[in-house]
Amino acid sequence: MGSWEQSGYDVRLDWGGEGVAALGRECAVLVVVDVLSFGTTTDLVVGRGGRVLPVRWRDERGVARAKAAGAVIAGEAGFTLRPSSVTEIPPGTLLALPSPNGATLCEAAAETGAAVLAGCLRNASAVAAKALELGGPVGLIAAGERWGVNIFGAGETLGPLRPCVEDQVGAGAIAAALARLGASLSPEAALAARGVDVEAVAGCVSGRELTESGHGGDVALATQLDVSQAAPVLNEGVLA
């Protein structure tokens with residue numbers, strides 16, 4: 001114990017579900033960072049007075065529970081995982097948001113017993129402040145992508161982890177904000193904090209993929225830094 005948990009630092013950083021398992025053993029707070037798109041969409045919904053119910057990817061029972069709770073399911077009523085779809089979402093809406101990365105990791109993080117937040121570039125400083133308020137140590141979980149998972153069709157629901165630029169930058173922005181508040185950073189978190197290049201997100205693989213498929217507006221929303229005071233905290237399965 002200790003090495004994999006990055007013990008001795010206030011702020012640690014790791015990737016995906018494996019990172020949740022490692023950091024969740026010691027961290028009192030886990031921040032799931034999925035910039036394109038779960039974290040950004042969640043920020044926009046919560047910023048407008050709504051709530052997000054994360055649902056594991058392709059979990060029909062989870063969707064059924066969300067419907068029973070009165071949630072609007074992403075893909076209905078015009079709301080989707082895309083940030084641009086929720087910019088005018090009515091206050092008070094409970095949106096069930098399935099995603100293979102951010103939502104799935106939120107549920108996994110909650111199972112560790114840690115307090116769970118959803119972070120992105122838009123709310124980096126607000127999430128950092130809230131995380132310290134909740135306690136520590138703080139574990140930053142860069143969601144990453146999964147090779148071989150097609151979110152638009154059938155097929156595999158879990159593939160090998162693909163670390164990605166956007167979540168490294170997002171986690172780095174939160175780490176940098178935590179450092180400004182006096183928190184000590186593990187080498188993993190410190191390296192990310194030194195590399196907060198927001199402009200790189202638009203040109204990376206994920207950013208280009210979205211732009212080339214006609215969703216450049218989503219990239220533009222996701223690459224706004226510290227424009228939101230929302231700090232979504234998971235409470236009884238709902239981010240608000």
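Glu236 is exposed, with a relative accessible area of 79%; exposed means over 50%, buried under 20%, and partly exposed in between, using a 1.4 Å probe and protein chains only. The model is predicted, so local features need pLDDT of at least 70 and side-chain atom pairs pLDDT 80 or more, while totals for chains, interfaces and linings use all residues. Residues are numbered from 1 along each chain as its sequence is written, and side-chain values use heavy atoms, without hydrogens and water.

Glu236 sits in the loop between β10 (234-235) and β11 (238-239). Helices (H or I, at least four residues) and strands (E, at least two) are DSSP runs, numbered from the N terminus. Glu236 is not a glycine, yet its phi is positive, about 55°. Ala77 also has a positive phi of about 55° without being a glycine. Its place is the loop between β4 (72-73) and β5. Ala77 is exposed at 64% relative accessible area.

Two cis peptide bonds deserve a look. One joins Leu36 and Ser37, with omega about 25°. Ser37 lies in the loop between β2 and α2 (38-47). Another joins Gly136 and Pro137, with omega about 0°. Pro137 lies in the loop between α5 (124-134) and β7.

Now the helices. The axes of α1 (residues 16-23) and α4 (residues 102-110) come within 10 Å and cross at roughly 20°. Axes are lines fitted to C-alpha atoms, for helices over the stretch in contact, with angles from 0 to 180 degrees between N-to-C directions. That angle makes α1 roughly parallel to α4, a label for angles under 35 degrees. Gly16, Gly17 and Val20 of α1 meet Leu105, Ala108 and Ala109 of α4; contact means heavy atoms within 4.5 Å. By class, the contact has four nonpolar, two polar and no charged residues. Gly16, Gly19, Val20, Ala22 and Leu23 are the buried residues of α1. They pack against β1 (11-15), β2 (29-33), α4, β7 (138-142), β8 (145-146) and β9 (161-162).

Leu97 lies in strand β5 (residues 94-99). Leu97 is buried, at 0% relative accessible area. Beyond four places in sequence, Leu97 touches several residues, among them Phe38, Val52, Leu81 and Ala103.

Ser206 counts as buried because its relative accessibility is 5%. Its side chain makes a polar contact of 3.4 Å with that of Arg162. Such a contact is a pair of N or O atoms within 3.5 Å; within protein, one must be able to donate a hydrogen and the other to accept it, and residues adjacent in sequence count only if both atoms are side-chain atoms.

Conventions
Parallel < 35°, antiparallel > 145°, perpendicular 65-115°, else oblique. Nonpolar A, V, L, I, M, F, W, Y, C, P; charged D, E, K, R; others polar.
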